[in-house]
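I opened the model to go through its chains one at a time. These are my notes, in the order I took them.

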Amino acid sequence: MYEPEGSRFFREIMRKMLRDMERLERALEDHMAELMEMERIFEERERESRSRRSSPLYTVIDKERELLLIFDVPEVEEGTLEITLLEDRVIVEGRVDKRKVERALGRAARHVERVRGEYVFPFKLDPHMAKVERKGSKVYVRVPKQP
Amino acid sequence: MEVYEEEIGDFFFREHSRLGRPKFMIVGLPDVGLVGKIATEHIVRSLKLSYKAEVDSYSLLPPVAVARGGEVLAPIRIYGSGDVAALIADIALSPRSAVPLSLAIVEYARIRGIEYLLGLTGAVNFERAEMTKPGVHWVASSEEASRLASGLPEARRVEEGYIVGPYAILLKESVRRRVHSLVLLADSFLDIPDPEAAVVLVSAVSQIIGVEIPVDRLLEEGELIKIRLKELMKDQKSALARMGKGYELHAPLSY
């Protein structure tokens, strides 16, 4: 079917405009997600500063027969670390070694008194079956998976 | 004072003192286990590299200035001396900034006639907890770059898998622009700073550039480094997830 040159040109421009708008929409969505994430981090830090308690870094490794949780607590004072294993969670808590933190961060260090981390397991467990081990600044919690 | 300035995309590179024409530029961006950042900072300190240039973007990076010793610094900086330059970043890189930054680094290396880019980073290894010495793996953008790795008998070439994040872009763009880039990856924890993994990368870089870099201090100060980098790790962890790091975990690198 015959289509005038002008109409083809117009349709091409419209298509390009739609593509550009979709691209812009995606960029805006990414930007919004980034802003929301920054806000979340800000609120979390504010909450931690107010409560003088910070959360430790941790990683979860899903192994064939067990779940391995590693908490890293280099700022916790020797001998103050408590690990509590419950049916559905593990809680790691300790007092901050202020001298060590000040050595690392100088005067910029936040006034945090305690470190407290909690991980909720995706299943119920028998706390006696879990193995806890401390190596350097890391706490390894090995939990056998349910059959 | 004459200042050399280059604008690449949304980033500007402003040299405050002459960078010269270094043979190697080490790139230590925050990524898995902050391994590259820890290793590169150690190299800067050990080789007493001096501050040469700032890298910044007012549209892609958060409005951050680093105050150190009465000086105002950009959050991304280049240090250098003789044949070696090193780029480090003090802030987490969002997916929106990681891609243009990697593109800009490759283009800057090309314009400045830097012979090799040495990217340092971590590779998530779920057996990391059981390892006493993490392994080193490598990916090169060219035959010439891969020759650098031939002097590393313990390092293995990555045969298959996904690399996600700033180093993926650095490698792809290096291929396109014919820049010789070698990315070294050490087995690492994903979201816990890993100074032990940084040690193996420092040793590898030391062999490549032919300069001895002691690592004792890095091992001794491991815990202090981790305290210092805890918050950056939290920021970067969330960025890694948004960058699609899940692909890397889904199909881990094989060597």
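**Conventions.** This is a predicted model, so I kept local features to pLDDT of at least 70 and side-chain atom pairs to pLDDT 80 or more, while totals for chains, interfaces and linings use all residues. Residues are numbered from 1 along each chain as its sequence is written, and chains are lettered from A and ligands numbered from 1 in the order in which they are written.

**Chain A, confidence.** I looked up pLDDT, the predictor's confidence in each residue, from 0 to 100. Chain A averages 88, and 97% of the residues score at least 70.

**Chain A, overall form.** I compared the radius of gyration with the globule rule; the radius is taken over C-alpha atoms, and the rule is 2.2 Å times the number of residues to the power 0.38. A compact globule of 147 residues would come out near 15 Å, but chain A has 26 Å. Its C-alpha atoms fill a box of roughly 85 × 50 × 25 Å along the principal axes. I then checked burial: a residue is buried if 20 or more other C-beta atoms lie within 10 Å of its own, exposed if 12 or fewer, and partly exposed in between, with C-beta atoms placed from the backbone. Of the 147 residues of chain A, 18% count as buried.

**Chain A, elements.** I took helices (H or I, at least four residues) and strands (E, at least two) as DSSP runs, numbered from the N terminus. Chain A has 2 helices and 8 strands. From the N terminus they run α-β-β-β-β-β-α-β-β-β.

**Chain A, sheet.** Strands pair if DSSP finds at least two bridges between them. I found an open sheet of 4 strands in the order β1-β6-β5-β4, with mixed pairing. β1 (53-54) and β4 (82-85) of chain A stand at the edges with a single partner strand each, so one side of each lacks a neighbour in the sheet. β4(A) runs antiparallel to β5 (residues 89-95) of chain A over 4 bridges. L85(A) has V90(A) as its bridge partner in β5(A).

**Chain B, sheet.** Here I traced an open, mixed sheet of 10 strands, ordered β1-β2-β4-β7-β8-β3-β9-β12-β10-β11. β1 and β11 (156-157) of chain B are the edge strands, each pairing on one side only. β1 (residues 4-8) and β2 (residues 11-15) of chain B are antiparallel, joined by 5 bridges. I8(B) stands opposite F11(B). Their hairpin has 2 residues between the strands, and G9(B) takes a positive phi near 60 degrees. β9 (residues 116-124) and β12 (residues 180-188) of chain B pair in parallel over 9 bridges. L118(B) faces L182(B) across that pair.

**Chain B, helix α1.** Is α1(B) mostly buried or exposed? I counted 10 of its 12 residues as buried, so the helix is largely enclosed by the rest of the structure. K37(B) and E41(B) are among the buried ones. Just after α1(B), K48(B) takes a positive phi of about 50 degrees.

**Contact between chains.** I called two residues in contact if their C-beta atoms, placed from the backbone, lie within 7 Å. By that rule 20 residues of chain B meet 21 residues of chain A. The largest share of chain B's side, 11 residues, comes from α7(B).
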